Amino acid sequence: MPQTPPFAAMFDSSGYNRNLYQSKEDHCGGLYYHDNNLLSGSLEALIQHLVPNVDYYPDNQTRKIAPKILQLLTEWTETFPYDFRDERMMKNLKELAQRIARGDEMYRKNVQQLLQNLIRKLTTVSQYEEVLAKINAASTDHLTVLKTKPQSIQRDIIAVCNDPYALAQQLTHIELERLNYIGPEEFVQAFVQKDPLDNDTSCYGDRKKTRNLEAYVEWFNRLSYLVATEICMPVKKKHRARVIDYFIDVARECFNIGNFNSLMAIISGMNMSPVSRLKKTWAKAKTAKFYILEHQMDPSSNFYNYRTALRGAAQRSLTAHSNREKIVIPFFSLLIKDIYFLNEGCANRLPNGHVNFGKFWELAKQVSDFMTWKQVECPFERDRKILQYLLTVPVFSDDALYLASYESESPENHIEKDRWKTLRSALLVRV
């Protein structure tokens, strides 16, 4: 099944070298550098290195250091605004901002603008999350709808959008919108673990803020189940085959666009057992194109083919002259796994107790690439009708998919027959 399990259960960090990045070159005051990049150092040495002194600020006055602090706060609130959804963090920010603003009109205006921008961003994301909650509430088990409203079965995705290229574009709209609301700090919070060497019990990492990241994973699962539902729902074999061909064309266009997440969700939906067992239906579909797409997303050799295609899309994005060419939407579950394995496979501290900066440089690179990709503006025109269907049309549950599959093509063995009888008695009760 394509469904992504909880973060803690979906990873196995075996095979990773936890002593990566232990090179010790160019020792300077307890900090170690390689090619002018900080590799490691003790927290004490790092703090000492960052503490202002006469070399940094000769007169050691607030007016001297205020611009630097204001610049730091500006970059922090712009890059990691979700940090300040924590009331304690927001309180500390306001207190520090008030200190900077005292006695200087220019600083006061800058601080006021900083806080206004931050509050605007946090308000926007809260409104977005409320919309997501309403969308999820509107989606119910499709079988329940069919028992009470039989006419709904007559409406399928091809009736809503008969152009697979248009559907791929609307899927890209959804992907980019949802990516845009994922903050880089959500990756940190998703895998946060208290450092056993850290005795600070007042750490702010006790509240996970990963709602948008999790909502994006849920969107992948929904799209997979939507594809499976649309294929299993038609009564006639030729109609089911037409839906398969339709989604193959949608998936191929997603690949051309650079929308690998929707591509993988569609392939996952078509590979679900209730769909893959429809042998008579698949015999009438144009499977050659599907096998090519499967090959592109083949998980063997650590998704080598996909990673090659992703690098190509990323390179195209760097030299792009239009937003259309800038689109790079990675297979998100694999991106999360990559970041997780890097985080778990490499120690935060080296054996000597130093902070392993090499690991954090690599983590920063992965998240920075993602940050660049998520900021691309979708170049395609929005179609409200198609978007509404994709986001809110009810989809079958696992049991309902199997029942629809058995109703379409009869069970082939005793196990399937017994399950069919059980599902019919459980789901097709009289209303």
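# Questions about a predicted model

Q: Where is the place of Ile 257?
A: Ile 257 has its place in helix H10 (residues 237–257), a helix being a DSSP run of H or I of at least four residues, just as a strand is a run of E of at least two, each kind numbered from the N terminus. The structure is a predicted model, in which local features need pLDDT of at least 70 and side-chain atom pairs count only at pLDDT 80 or more, while totals for chains, interfaces and linings use all residues. Residues are numbered from 1 along each chain as its sequence is written, and side-chain values use heavy atoms, with hydrogens and water left out.

Q: Why does Ile 257 count as buried?
A: The term buried is given to residues under 20% relative accessible area, exposed to those over 50% and partly exposed to those in between, with a 1.4 Å probe and protein chains only. Ile 257 has a relative accessibility of 0%, so it counts as buried.

Q: What does Ile 257 touch, not counting residues up to four places away in sequence?
A: Ile 257 touches Ala 168, Gln 169, Thr 172, Arg 316, Arg 324, Ile 327 and Phe 380, where a contact means heavy atoms within 4.5 Å. Val 328 is 71 residues from Ile 257 in sequence, and the two are 8.0 Å apart in space, C-alpha to C-alpha.

Q: Why is Ile 327 called buried?
A: Ile 327 has 0% relative accessibility, and therefore counts as buried. Its place is in the loop between helix H16 (323–326) and helix H17 (332–345). With residues up to four places away in sequence left aside, Ile 327 touches Thr 172, Ile 257, Gly 258, Arg 316, Val 376, Pro 379 and Phe 380.

Q: What makes helix H11 largely enclosed by the rest of the structure?
A: Eleven of the eleven residues of H11 (residues 260–270) are buried, so this helix is largely enclosed by the rest of the structure. Among the buried residues are Phe 260, Leu 263, Ile 266 and Met 270.

Q: In which helices is confidence lowest and highest?
A: Confidence is expressed as pLDDT, the predictor's value for each residue from 0 to 100. The lowest is in helix H5 (residues 142–148), at a mean of 49, and the highest is in H11, at 97. Over residues 194–208 the pLDDT stays under 50, and the model has 18 contacts beyond four places in sequence for them. The protein chain averages 81, with 81% of the residues scoring at least 70.

Q: How do you know how helix H7 and helix H19 cross?
A: Two packed helices are described by the angle between their axes and the distance between the axes. The axes of H7 (residues 164–180) and H19 (residues 384–392) come within 10 Å and cross at roughly 65°; such axes are lines fitted to C-alpha atoms, for helices over the stretch in contact, and the angles run from 0 to 180 degrees between N-to-C directions. The crossing is right-handed, a word used if the near helix is turned clockwise from the far one by less than a right angle, with left-handed used if anticlockwise. The residues of H7 that meet H19 include Leu 167, Leu 171 and Ile 174, and those on the H19 side include Ile 386 and Leu 390.

Q: What is the phi of Ser 301, and what is that of Phe 303?
A: Most residues other than glycine have a negative phi. Ser 301 has a positive phi near 55°, and Phe 303 also has a positive phi near 55°.

Q: Is Ser 301 buried or exposed, and is Phe 303 buried or exposed?
A: Ser 301 is exposed, because its relative accessible area is 62%, whereas Phe 303 is buried, because its relative accessible area is 13%.

Q: How many disulfides does a search of the whole structure find?
A: The search finds zero disulfides, a disulfide being a pair of cysteine sulfur atoms within 2.5 Å. Cys 254 is buried, with a relative accessible area of 0%, and Cys 378 counts as buried at 17%.
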